[in-house]
Amino acid sequence: MRKAAAILAAILGAAVLSGAVAQTTQPTLVPTAKFSSATLPSAPTTTQQQTVAPQLTGDDVTTWLDGYMPYAIAKGDIPGAVVVVVKDGQVLTERGFGYGDLAKKTKVDPKTTLFRPGSISKLFTWTALMQQVEQGKVDLNADVNKYIDFKIPPYDGKPVTVLNLMTHTPGFEEQVKDLISLGEKTQVPFDTLLKRWTPRRIYAPGTTPAYSNYGASLAGYIVQRTSGEPFDAYLEHHIFGPLGMAHSTFRQPLPANLKPLMAEGYVSGKDKPYGYEFVNAAPAGALAASGDDMGRFMIAHLQNGTYNGQSILQPATAQLMHSRANTPFPAGDGMAHGFYETNINGMRVIAHGGDTVAFHSDLHLFLDKNVGIFVSFNSAGKEGAAGPLRNALFENFADRYFPEAPTAIQKADPNGAKADAKKLAGVYSTTRGTRSNFLAVVDLIGQAKVGVDKDGNPLIADAKGLNGQPRKWNHIGPMLWRDADGHDLLSATVADGKATRFSYGELAPIIDYDRTPGFRSSAWILPLLYCSLAILFLTVVLWPTRLLVRRKYKAELGLTGRQLWTYRSSRIAALAILLILGGWIWAMSMLFADLGNEASLNAILLILELLSIVVFIGGFAVMCWYAYNAWRNKWRWTGKVWSVLLVIASGTILYIGLVFKLVGLATNY
């Protein structure tokens, strides 16, 4: 679901940008853009470790950051950033880089400048939820319906549990409508949003990692209900207050005392501020906080719930929250209770990332070292540079201060490598997606295509490294590979001789890829779509062209009466189909380019759905009628063949419309 304008342009025959597998997005509120790694400095690989790692001290990490970050954000065209590093209960360094406001040339102050950490907000929601667990008000294994005043229906007879929410396994499809708005007038209270409609359940609870903002918002509502306090007030009283986080809030709009401290957020390539984003799914991403405050939160978790003598969790509760709750794959990172693992260099690391439209952030806690690092940028940067930059910062930090022992690096195992890669080869769809409304079409364009390279290893063309080339994977065990130039593992599950699910990198615990059913597979649908579009386009273009040629040479078409009307109807139908597809491309490009304009697009989307029903179904009927007349009236063979091609082309569009829900009347999405 990234860079929808470019992705959807593929419907008109442009190159496919199937960036769904390029894991540059973090667990986001919103889709983020694809990136070109050419905009970033290169990161050292695991084979470039220093002989003696420098000590992690305030002076060393400050010098390192000051040498790296200014260049990196300038190269990535990112206005400002904040980085905070903590260790052993103290802040080692907190650095502001660039500007919080370009127009005013206001520099980022790590102590007071507010950033929007996006989905890192969920860590505060999960912490609040664990406080309720600690007090005996919430049971992690209980049906969520026990704590709310509306109904979440079961799926296959299984209820959604509170733990399912924390592990992103409730089975909800993606929710986009009213997720973010610009301006207080269009703000929707999160409890109203929750009750307005429940996303369709597409997986049985507990079976499939499918990242869910709705699920996190539901957890926040449970906190609100069981505590008896409004959610934002609860956070102030029970987390921000005890930790001394005076520059943090979930309130929207910002309180008057914090508003002047808010960094502006910027859309890539634009100097004009995007505007304050009202995250309507507030518990999932509404936090505004300074870097210094995020340091306090990291220290509290690293010290099992305690900061400066104040406790927000009992040690046993904090340890439970940090412990692994499930393991999507036998090898690789697992899911904790709200945090997800980003283990690296033999250390256990728990983390969370987040994105709004403008802000892009990461938080990692090195539990074994009592170390934490937080970074946030106020723009995605040039070609989405913030995505790979924050990942490179994390890996560079780990490799610099806690390098992997050479003996710990698993060597490539050639045994069964090619056979395993062949089992993995195929087309896959992300588990974080939509099946019941028009956004399902994003899956068609974004399916991950896995092949086998010349060395017998998996080839995922759109999963690129910092060099801009597809990652090289080394086979290190049964259905298990490691990035040859990094730390990420790729793993898969197998049934009946074929991989059924795979994932890689830090998103494995929360977003996976399932083998796409044949009837939805882009492997055959997209080539047929491109051919169909070419046929329809040529039909429309040649219609007036042939008319002009006939007029010039005073020739006749040779059709009259019903046959002439049939001919013209087929051309009108072809034009109408292309226009509706163009309308969908424009509308969805606008939707993903700016979720804040979503309200103004709702009426247009409904009109497009109505027109799709009429035009796609009607267009196919017209083409069938045209072909019937062509064969019945013994037209020339060229006309007969073209009539069949028009039936196939219009039928393909109708099939796509039905399967991917462009034909429908979904008002919630």
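A residue counts as buried under 20% relative accessible area, exposed over 50%, and partly exposed in between, with a 1.4 Å probe and protein chains only. By that scale, Lys111 is partly exposed because its relative accessibility is 47%. The model is predicted, so local features need pLDDT of at least 70 and side-chain atom pairs count only at pLDDT 80 or more, whereas totals for chains, interfaces and linings use all residues. Residues are numbered from 1 along each chain as its sequence is written, and side-chain values use heavy atoms, with hydrogens and water left out.

**Helix α2**

- Helices (H or I, at least four residues) and strands (E, at least two) are DSSP runs, numbered from the N terminus.
- Helix α2 spans residues 58-75, 18 residues in total, and its first and last C-alpha atoms lie 25 Å apart.
- That reach is close to the 26 Å expected at 1.5 Å a residue, where the expected span is 1.5 Å times one less than the number of residues.
- The buried residues of α2 include Gly58, Trp64, Leu65, Tyr68 and Ile73.
- Packing partners of the buried α2 residues are the strands β1 (80-87), β2 (90-101) and β14 (371-377), together with helix α11 (386-401) (contact means heavy atoms within 4.5 Å).

**Salt bridge between Glu94 and Lys111**

- The structure contains 24 salt bridges, each defined as a side-chain nitrogen of Lys or Arg within 4 Å of a carboxyl oxygen of Asp or Glu.
- In the salt bridge of Glu94 with Lys111, the closest N and O atoms are 2.8 Å apart.
- Because Glu94 belongs to strand β2 and Lys111 to the loop between β3 (106-107) and β4 (114-115), this pair ties together parts 17 residues apart in sequence.
- Glu94 counts as buried, at 13% relative accessibility.

- Arg296 and Asp292 form a salt bridge with an N to O distance of 3.3 Å.
- Both residues lie in helix α9 (residues 291-302), 4 residues apart, about one turn of the helix.
- Arg296 is partly exposed at 23% relative accessible area, while Asp292 is buried at 12%.

- The side chains of Arg390 and Asp362 meet in a salt bridge at 3.9 Å, N to O.
- This pair links distant parts of the chain, with Arg390 in helix α11 and Asp362 in strand β13 (residues 360-366), 28 residues apart.
- Arg390 and Asp362 are both buried.
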